[in-house]
Each structure stands twice: as structure tokens, then as C-alpha cells.
Amino acid sequence: MKKLTAPEVAALDPYAFMAVIGKRVIHPGGRASTEALLNRARITKTMNVLDVGCGVGTTAIQIAKRFGARVTVVDISPLMLERAIANVKDAGVGELVTVEHGDILSLSYPDDSFDVVIAEAVTMFVDRGRAAAELARVCKPGGRVLASEFLWREPPTVEAREIFLGQVCPGLHFDTLHDWVDIYQSAGLSAIETDTGPFEMMSPRGFLADEGFAHSLAIMGRVSTRPANIRKMAWLMPRMGKAVPYLGYIVVAGHKQFARV
Ligand SMILES: C[S@@+](CC[C@H](N)C(=O)[O-])C[C@H]1O[C@@H](n2cnc3c(N)ncnc32)[C@H](O)[C@@H]1O
């Protein structure tokens with residue numbers, strides 16, 4: 001894995017930084033929201049699954065191991081792809097998981113290609129309508145599209161809003177539960193179902209639940225032995241602490257209907 005310079009570490013977005021220090025679960029609801037999403041996905045062994053914006057490949061590895069399904073994963077970031085490829089190999093699921101470069105706004109797959117299409121914490125970073133339409137386009141009629149996104153669980157203070165959307169994730173804006181449902185309905189999906197929950201990715205409890213004790217220690221070791229990582233954490237954590245009480249996740253699940261004749 002390419003070692004980043006200190007200025008490169010300083011310039012990473014929070015999610016890429018989490019990947020660099022070895023965090024495996026990089027979305028707001030942690031493994032709990034993946035569990036909610038998988039419960040609604042109803043994946044079976046014979047299905048072809050697409051995971052868009054796969055990060056380091058954690059959910060795809062879980063799907064391959066748990067359901068024995070084939071999973072294609074794409075991400076736009078070379079840094080994430082490098083880690084996803086290594087993790088898939090380490091997990092011994094290379095025969096089931098294919099890692100490819102791709103952009104959620106312009107996927108290279110034909111219409112109606114996959115039984116289940118997943119995007120965890122990706123649509124919110126781009127043009128949401130276009131991204132949701134791409135996810136729906138590549139899903140087979142009768143298939144399912146599932147996404148997890150950020151949400152304010154409670155109205156944030158002015159300070160929490162400014163810190164999170166102005167400093168931690170500049171340029172990001174949030175939609176309400178109804179906005180997210182509208183976005184996926186407008187993409188052509190029906191029978192939309194949702195789950196919501198707290199942002200647990202960076203709370204001590206959520207961190208341990210997502211990464212396990214030994215891996216959490218390994219991450220802490222990776223942070224504490226590199227000054228650039230310590231500086232980045234020292235900048236990030238107090239800011240996250242201000243926003244976390246107001247943050248949550250939403251899982252949106254919808255069906256792609258068969259075309260009417
Ligand atoms: C918050 S992380 C989520 C990663 C992973 N889905 C997970 O839950 O662990 C967002 C991911 O979306 C990827 N991403 C951002 N814009 C993208 C785009 N236009 N197309 C594909 N992936 C994108 C990022 O590189 C990153 O891996």
C-alpha cells in the first residue's frame with residue numbers, strides 16, 4: 001500500500017483518512033445500518049449484487065461470505081480500490097467479488113444488470129437525483145436498490161451544523177427523510193421502505209462494535225505512531241464530537257418495477 005506523505009494525510013477527506021488508518025466500516029450507521037440494509041435486500045446465492053462506492057470492500061466481503069452471492073464493487077477513488085482489492089484477497093473471496101473503477105453518476109453496466117444494487121454513504125456526495133437514477137437503471141426489473149445516507153436526527157445547533165457541513169465535510173448538504181424517499185421514488189423505485197438510527201461510526205461503542213477489540217487497537221496503534229495521523233485525529237475528533245449527537249443515518253430500500261406493456 002502506498003505510504004502517503006504528511007501533507008497528503010492532512011488533505012484527506014474524513015472517509016479516506018478512516019480507510020488509511022485501517023477502519024473497515026466507513027458509513028454513518030456502521031455495521032448496524034449495513035445489517036438493516038441487508039435485512040431488506042434479501043440476497044440469495046444465485047443473485048448478482050452491485051456495491052457502488054464500496055470503500056475498502058467490507059460490505060461486499062460480508063455479502064460474499066454470508067450469502068455466497070457474486071458481488072461487483074466499484075469506487076471512484078484509487079486509494080479505496082487499492083484497499084478493497086487487498087481486503088478481498090485477504091478475505092479469500094476473490095472468486096466471488098470483482099473490484100472495478102467506476103463513477104456512480106455514469107456506471108459502465110448495461111440497463112437491468114443486477115438483482116440487488118447497494119450504495120452505502122455515496123449518493124449524498126454527488127448529484128443525488130442522477131446517482132439514484134443510475135442505481136435504478138442498472139438494477140433488474142423486480143430487483144432492489146438500497147442506500148444508506150446521512151440525516152440530522154435532531155435539529156442541529158448552528159455551531160454543530162457549521163462544523164460538520166462547513167469544516168468536516170465541506171460542500172455536503174443533508175436531505176430529510178422525505179427528501180430521500182422522493183429522490184429514490186423519482187428515480188423510478190416503488191414500495192420504498194426506510195430505517196433510521198444514530199450515527200455510531202465514531203462513538204467509542206460504535207467503533208468497537210464495528211471494528212472489534214483487536215482491530216480497534218491496531219487502528220489506534222496506526223494513529224499513535226505517525227504524527228500526521230495524530231494531527232489529523234486531533235483536528236477531526238473534537239469537531240465530530242460537536243456534530244455526532246445530532247447525526248444519524250437512513251437506509252432507503254426500493255423495488256424496480258417491471259415495465260408496463
Ligand atoms: C463514506 S465512504 C463509504 C464507503 C463504503 N460504501 C462504506 O460504507 O464503507 C464514500 C465512498 O464513496 C466513494 N465515492 C465518492 N464519489 C463517488 C463516485 N462519484 N462514484 C463512485 N464512488 C464514489 C468514495 O471514494 C468512498 O469510498
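Reader: Which residue in strand 3 stands opposite V74?

Author: V74 stands opposite E100 in strand 3. This is a predicted model, in which local features need pLDDT of at least 70 and side-chain atom pairs pLDDT 80 or more, while totals for chains, interfaces and linings use all residues. Residues are numbered from 1 along each chain as its sequence is written, and side-chain values use heavy atoms, leaving out hydrogens and water.

Reader: What makes strand 2 and strand 3 a pair?

Author: Pairing takes at least two bridges found by DSSP. Five bridges join strand 2 (residues 70-75) to strand 3 (residues 97-101), so the two strands pair. They run parallel. Strands themselves are DSSP runs of E, at least two residues long, and helices are runs of H or I, at least four, both numbered from the N terminus.

Reader: And how many bridges link strand 1 to strand 2?

Author: Five bridges again, in the parallel sense, with strand 1 covering residues 48-52. Here N48 faces R70 in strand 2.

Reader: Where do these strands sit in the sheet?

Author: The open sheet has seven strands in the order 3-2-1-4-5-7-6, with mixed pairing. Strand 3 and strand 6 (189-198) are its edge strands, as each pairs on one side only.

Reader: Why is the unit of strand 2, helix 5 and strand 3 called right-handed?

Author: With the strands pointing away from the viewer, a right-handed path from the first strand over the helix to the second runs clockwise. Strand 2, helix 5 (residues 78-91) and strand 3 make a right-handed β-α-β unit, so their path is clockwise in that view.

Reader: Why is M220 called partly exposed?

Author: Buried means under 20% relative accessible area, exposed over 50%, and partly exposed in between (1.4 Å probe, protein chains only). M220 has 40%, so it counts as partly exposed. M220 is found in helix 10 (residues 213-224), and its C-alpha atom is 39 Å from that of Y109, 111 residues away along the chain.
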